[in-house]
Amino acid sequence: MAAIASVLPVFICVWGTRRRYQFMRPLVETTLPPRQSIAEELQVVKDNKPFLFVIGLYLCSWLAVQATASVIPYFVRYWMRLPDTDLTSVMLAVQGTALLTLFGWSWLSNRIGKQAVYYWGTGLWLIAQVGLFVLQPKLA
């Protein structure tokens, strides 16, 4: 059932865009730039320093976020020595906080700019990580 729910929207999108694709195809084919080899295209990407910077920043940021999410179960169980039943509460607190603050970060990025918000968010994330690092386990 889950497979049908996952695949059906893709088919609906394809069926819904087929007519548009057939209409746009002649227009796109006449405006395409000349083809380049893969090596030439990779050279263009390699020479685009701002693009490489943004991709590196994006990859490192998501690596940090995903590493934190992956370590939380071990943190709760082995460092904080909490029962496994508390894992759900901790995960909901972490993910729920991230979800709720997303709207605030979006609003703030429209006001002061995305770069400033990224710096603020990185700083707050580092403070939170240090806080978790110094947090002591429950002594029973």
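**Surface patch, helix packing and a salt bridge**

In this predicted model, a nonpolar surface patch is formed by Met1, Ile4, Val7, Leu8, Val10, Phe11, Ile12, Val14 and Trp15, which together have about 980 Å² of accessible area. Patches here join residues with over 30% relative accessible area and no salt bridge, like charges within 9 Å and nonpolar side chains (Val, Leu, Ile, Met, Phe, Trp, Tyr) within 5 Å; areas come from the Shrake-Rupley method with a 1.4 Å probe, and for residues only the protein chains shown count as cover. Local features need pLDDT of at least 70 and side-chain atom pairs pLDDT 80 or more, while totals for chains, interfaces and linings use all residues. Residues are numbered from 1 along each chain, and side-chain values use heavy atoms, without hydrogens and water.

Ile4 belongs to helix H1 (residues 2–31), helices being DSSP runs (H or I) of at least four residues, numbered from the N terminus. Ile4 counts as exposed because its relative accessibility is 53% (buried is under 20%, exposed over 50%, partly exposed in between).

How do two neighbours in the fold pack? Helix H2 (residues 38–47) and H3 have axes 5 Å apart, at an angle of about 80°, so H2 is roughly perpendicular to H3 (65 to 115 degrees). Axes are lines fitted to C-alpha atoms over the stretch in contact, with angles from 0 to 180 degrees between N-to-C directions. Val45, Lys46 and Asp47 of H2 meet Lys49, Phe51 and Leu52 of H3, with heavy atoms within 4.5 Å.

Finally, Asp84 and Arg77 form a salt bridge, their closest N and O atoms 3.6 Å apart (the rule: a Lys or Arg side-chain nitrogen within 4 Å of an Asp or Glu carboxyl oxygen).

Technical notes. Helices (H or I, at least four residues) and strands (E, at least two) are DSSP runs, numbered from the N terminus. Buried means under 20% relative accessible area, exposed over 50%, partly exposed in between (1.4 Å probe, protein chains only). Angles under 35 degrees count as roughly parallel, over 145 as roughly antiparallel, 65 to 115 as roughly perpendicular and the rest as oblique.
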